[in-house]
Amino acid sequence: MSDVKKVVLAYSGGLDTSVILKWLQDQYQCEVVTFTADIGQGEELEPARAKATQFGVKEIFIDDLREEFVRDFVFPMFRANTVYEGEYLLGTSIARPLIAKRLIEIAKSTGADAISHGATGKGNDQVRFELGAYALNPDIKIIAPWREWDLLSREKLLAYAEKHGIPVEMKHKAGGSPYSMDANLLHISYEGRHLENPAAEPEEDMWRWTVAPEKAPDAAEYIELEYEHGDPVALNGKRLSPATMLTELNRLAGRHGIGRLDLVENRYVGMKSRGCYETPGGTIMLRAHRAIESITLDREVAHLKDDLMPRYASLIYNGYWWAPERTALQGLIDGTQDSVNGWVRVKLYKGNVTVVGRDSKTDSLFDPTIATFEDDQGAYNQADATGFIRLNALRMRIAAKRKHR
């Protein structure tokens, strides 16, 4: 008899987590509470409730977390201009700490002594879920079925589902979805099957959110974003909530073929993995945020942020959102954003986001009287540059003289 009496399962209602639900009931002889998060994946979530009810689940949580996701996780990450390994905007990574947080909250409110997830033993998500859970509740028990059971193939999962009367969608019976996909308001990812050959080009019909750049409109579209303290708050003059802002940016960028990425990345568990991503709205936000910072941030502050960003990105990718070092970095990053106020205009055209204007009425550090190529009326004394250059060249001149002795 297991010492686990009640477990909270991160439940999507799909094949894997439906099998996990029944497996937990059989293997651990425990009560299962299901938790389904709406973070903007665009799927109907009520079928998950019906499936859970079918297997006797009495406590079912289906939570709309879209605003919290963008406000408290996506926006703080974008204040750092976060990019992993030069390209990846961390759409999957940034959703995991929120799900872990809610799992722990539900476990506490329902008196559960364990949580469970459907992440495999090969991926990053198992690390992200569990590091987050332990950071928030060091005594929680975690059940990771993919590291315990022997259902390690799709055929075995389907056989288990058939044996136990678990409904299976026709796409799985016919051989499964062509890709393993994960979606939220920030992005959609694709892995597996055809993509496991890194030399193979992704099939065009794989992409869900963006048109092919070649088929995007022939006319460019201009949009304007207003920023307050580093976060976008208005689009084309209309104030929007965080989730609504990202939803609308996804729509605008998607129709112009913006935000596609094909990447071989280094997983935290040690292997290289090939994935494709669509992050249309996030691509606009990254370009626009860097543009407003370019006019409002002090040079050394901006460069310090750029120095720290790869470390910050790795912390999020590897699952350390709730770690003290990420919190410390976030405090520094957020402190730099007090002056990041103003507007940015960008042009969307056939897969590209081009910044075409930016200004801040309150915090701009751009002084046209000094920067001008015309007569600056004495605002900048060019003769001052002579001493500046000689002092900065001093160490190199000393080294050069030594070489020629």
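1. Let's start with tyrosine 84, which counts as buried at 8% relative accessibility (buried is under 20% relative accessible area, exposed over 50%, partly exposed in between, with a 1.4 Å probe and protein chains only). Tyrosine 317 is buried as well, with a relative accessible area of 0%.

2. A word on the source: this is a predicted model, where local features need pLDDT of at least 70, side-chain atom pairs count only at pLDDT 80 or more, and totals for chains, interfaces and linings use all residues. Residues are numbered from 1 along each chain as its sequence is written, and side-chain values use heavy atoms, leaving out hydrogens and water.

3. Rings of Phe, Tyr and Trp (its six-membered ring) pair if their centres lie within 6.5 Å; planes under 30 degrees apart are stacked, over 60 edge-to-face, the rest tilted. The count by this rule is eleven aromatic pairs. Tyrosine 84 and tyrosine 317 are stacked, at 3.8 Å centre to centre with 10° between the planes. They sit 233 residues apart, tyrosine 84 in the loop between α3 (66-79) and α4 (96-110) and tyrosine 317 in helix α10 (residues 299-318) (helices are DSSP runs of H or I, at least four residues, numbered from the N terminus).

4. Why is the pair of tyrosine 88 and tyrosine 317 edge-to-face? Because the ring centres are 6.2 Å apart and the planes at 90°. Tyrosine 88 lies in the loop between α3 and α4, 229 residues from tyrosine 317.

5. Arginine 128 lies over the face of tyrosine 317, 4.9 Å from the ring centre (the rule asks for CZ of Arg or NZ of Lys within 6 Å of the ring centre and within 35 degrees of the ring normal).

Key
Helix = DSSP H or I, 4+ residues; strand = E, 2+ residues; numbered from the N terminus.
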